[in-house]
Amino acid sequence: QDMPNTSAPRFTFIAHALRGDGPFRPVVSDYGDGNASLSGSSYLVRYPRESDVKYARRNEIAFYASPLALACSRFAGYISMMAATRELPNAQFTKIAEDVDGKGNAVDVFWSQFIIQAKARGSMLLLVDMPASLPRTQAEQISTRQLPFWTAIEPETIGEFEVGDDGKFEFVEFSGNFTKADGTRTDCTWRFDRTSWKASDKEKRVLADGSHPLGECPVLIFTEGGDFPHFGPFSAIADLSKRLFNADSELDEILRSQTFSLLTMQVPDESTDAQKLAAAQVAGQSIGTNNLMVHSGDTPAFIAPPDGPARVYLDRIARLEAKIDEVGLNVATVNAQESGIAMQMRFQAINGELSRFSLRMEDLERRAWDLSRRWLGMTQAPTVAWPRDFNLADVEQEMKILAEMTTSGMPAEVIAEQQKRIVTLQFPGLDEAGKDAMLTAIDERAMEPPPPGNVVPLRPDPNAPVREAIVRMANGGA
């Protein structure tokens, strides 16, 4: 059954929240005479009875820091700390891995951007396509990069689609562009199904079409869970970001309207209205940093507005930011009042999320290599393995545990395992050879005999094996 993409507006909103564009960057025309107007739409909710000019001015100074982009970039950074391993059976697959999208991006660079997009939305698509014409020799094919290329497709660009019982597209349509024979580019709608493809213009005239030998639609589906379309847990940050966008603007409005103290000047009770008006004019027209105000009556004074409304907004903004950090699995900021168990639970939560996401990415890459194999008519596809164990933890907390183990007389083997854990956490990007050297140094230290007389120092240095391993690495392993 053909299904229109009713989720496109939601995906578009998430994309705006991720990139910080669209209604999160409203365009205001300033006419220079105190008047201004808003061009297009804005995610700032308008106050009741707010004038056009005032609403435009509020949009003019509104700011948006894109918390969703920060959360997704941080998540992608966690995954990138441990590289995926690949075995590429021939030069053609190696060339694809070096330039996977035809734009000079290696496969790991391509995935680093794909992960950010996919984590924000919870869904993303990958097109594995092949150039229309192929060279006569394999060497020419490699040198000219006439090989399958991978293209990330944003789900908000999808029109109609149908998903089969196997979870793959029966067909899918999405907007893009088409390059004509004369080199000009025009907007078009691409359609791929399990046997064919075509590109049509706005009038539904076919610009080009053809068939493919894949046996399945070359547009692959990635979701964090469930069938397409699927919204991931980070999509809630887009809604929180919209509220934060408005709260920041509303706080700015309070500060602009009420921050400055009001000048007052008392006049005797028996003063006439004319005298009161004259005193007000003196205060209002003469006060400044470069002049002198002459007045009658009591000394002028300033009254300051209450800070209650601003304080309420500051507290509300702080709660929104805390909720965004919670949804975004931010473990960078550790609460000093948080218990060790609560801290461990937070790290376990993100480790589990990273593992699940990484496994889904491994499955997507494996399917992409298999389609590339079919395009090339080969029998063997590359093998790939993404990391499964991330073991993010608080190194400072782990050092405290090590110190407690040492002072409590734990066996040397137990202390050595804790030291290995600290090395693994502290040096996640270290190559296997360097990491093995550090772990070997810890094992060698643990196997050393105790001091003469079987006397155990009261407070041995728990960091000594780790420090010695680092020094050994710095000296070239000598």
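Start by selecting lysine 204, which sits in the loop between β10 (196-200) and β11 (206-211); helices (H or I, at least four residues) and strands (E, at least two) are DSSP runs, numbered from the N terminus. Lysine 204 has a positive phi of about 65° although it is not a glycine. Buried or exposed, at 71% relative accessibility? Lysine 204 counts as exposed, where buried means under 20% relative accessible area, exposed over 50% and partly exposed in between (1.4 Å probe, protein chains only).

Before moving on, some housekeeping: this is a predicted model, in which local features need pLDDT of at least 70 and side-chain atom pairs count only at pLDDT 80 or more, while totals for chains, interfaces and linings use all residues. Residues are numbered from 1 along each chain as its sequence is written, and side-chain values use heavy atoms, with hydrogens and water left out.

Colour by pLDDT, the predictor's confidence in each residue, from 0 to 100. The protein chain averages 78, and 68% of the residues score at least 70. Over residues 454-459 pLDDT stays under 50.

Next, valine 206, in strand β11. Valine 206 is partly exposed, at 45% relative accessibility, and touches Lys198, Ala199 and Ser200, leaving aside residues up to four places away in sequence; contact means heavy atoms within 4.5 Å. Its C-alpha atom is separated by 9.5 Å from that of threonine 189, 17 residues apart along the chain.

Serine 66, in the loop between α2 (52-60) and α3 (67-80), has a positive phi near 55°. Serine 66 is buried, with a relative accessible area of 9%. Then go to phenylalanine 228 and proline 229, joined by a cis peptide bond with omega about 0°. Proline 229 lies in the loop between β12 (219-223) and α7 (235-258). Why stop here? Most residues other than glycine have a negative phi, and most peptide bonds are trans.

On a 1 Å grid over the protein atoms alone, a cavity is a set of points where a 1.4 Å probe fits but cannot get out, and a pocket is an open set with protein on both sides within 12 Å along at least five of seven lines; lining residues have an atom within 4 Å of a point. Grid points are joined across faces, edges and corners, and a volume is the space filled by probe spheres set on the points.

The largest pocket holds about 800 Å³ of space. Of its 24 lining residues, Leu127, Asp129, Phe149, Asn177 and Trp190 are the closest to its centre. β8 supplies the largest share of that lining, six residues.

Last stop: the largest cavity, about 40 Å³ in volume. Select Gly167, Lys168, Phe169, Glu216, Cys217, Val219, Leu220, Ile221 and Arg367 to see its lining. β12 gives the most to that lining, with three residues.
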